[in-house]
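Trainee: Could we take a close look at one single part of this model together?

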Amino acid sequence: MWGHGNAVPLHDCGCTIQRSVHVQIVTHFLTTMPEPLQKIERTLQQLEAGTNEQVSALFVEVRKKFNDQEALRRKENNPTNLLVFWTTWLGRKSGVLTKITENWLKPSPPDLKRIVGQELNSLKAHIEAVRLEQTAATEMAAESAASLREREDLSLPGVARPLGSRHPLRQTFEEIERIFLSLGYSVVAGPEMETPYYNFEALNIPEHHPARDNMDTFYMAAPSGAAPLLLRTHTSPMQIRTMEKQQPPVRIIVPGKVYRRDNPDATHGFMFHQIEGLAVDTDITFCDFRGTVEYFVREFLGPKVKTRLRPSYFPFTEPSVEVDATCVFCAGKGCNVCKQSGWIELFGAGMVDPAVYGFVNYDAKKLSGFAFGLGVERLTQLKYNINDLQLYFQNDVRFLRQFA
Ligand code: PHE
């Protein structure tokens, strides 16, 4: 009987199931196989099938058996059963088709050979078709399982990229540039390494003038013979460089870095930022100066802020002033920041000293103008109530994020 002893088709399917387990499964499967398939162990003669009809009937039985088992296998959908199933039917050594070839076809009498051959081929084609269909279905299932696994989950939260923000000093630069551009000024930039001539002399600060003391800076050793260089202490040298190159009318602002030999603390740094302003023309009066300053302060700090000019001294302006504004923190009532005065100092400014025109070949009799030097850190501090100048340069995102 098929399914006994060494007649069991063992492991010729190439599967990887452990041999002893495979034997158990196949044995179980084959011994429980019902009657019709046992017929393939005998010849047609033994089965007393002598006519075409009887042969066809035998094949109908086999095909029905195949279809039933296939339906069952499909229902169970177990990969181990799948291997056993195909080994049972297609196994090269002792699969059902091999048995039919050996036991029915080969020993059949010549008058039955044709019908047995035909029926066998048609059975083979049927089984092969089912197998192809099954393989395709398995592959498709695997593919869709894989694509389900690999599919991008659109509901997952995205990768959040931390968004940077413009540095508060940069924002102040841009705001001030916007205000003066709207007044017809243009923006120019100059070198941070300057000659003493542009940084001091041409600005009416001769070599031994005491005004140099509070502008002590870093000097660069110059190649022998060359004029020494220094890191500019203010943006004012660009007043001279601009007037040397350009005839009036002049209306410029000069944003940039400046350097002084100061020890860093809450109000000092060895580097800070200024915006220089210069306007020179044939008919510029003190009123234009005052109006420009007032307009700028209102635009920058708000329409309620009032300004006042306090006498001061700079070698390159005459008269010189400090521009004060009503305290932005107490609206002029008096607080700790303004030391109860109600006023805070904003920046230095003044009418261009006629002596300066002498350095640039401008006619001091026909021309007049004003200049100012805005401290960018200071104006930013007042606008946002920042109490330590060092915060600007420490790049602590907790500080910077507040200005996003
Ligand atoms: N350059 C001066 C300073 O740095 C500021 C200033 C500029 C004053 C222009 C008057 C006019 O202190």
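Trainee: By class, how many residues in the shell around the ligand are nonpolar, polar or charged?

Mentor: Happy to walk you through this. The model is predicted, so local features need pLDDT of at least 70 and side-chain atom pairs count only at pLDDT 80 or more, while totals for chains, interfaces and linings use all residues. Residue numbers start from 1 along each chain as its sequence is written.

The shell has four nonpolar, six polar and no charged residues (Ala, Val, Leu, Ile, Met, Phe, Trp, Tyr, Cys and Pro count as nonpolar, Asp, Glu, Lys and Arg as charged, and the others, Gly among them, as polar). Around the ligand you will find His234, Ser236, Phe314, Thr317, Gly348, Ala349, Gly350, Ala371, Phe372 and Gly373 (C-beta atom, placed from the backbone, within 6 Å). Two or more of these residues come from each of strand S9 (343-352) and strand S10 (368-375) (strands are DSSP runs of E, at least two residues, and helices of H or I, at least four, numbered from the N terminus).

Glycine 375 of S10 is the bridge partner of glutamine 274.

Key:
Two strands pair if DSSP finds at least two bridges between them.
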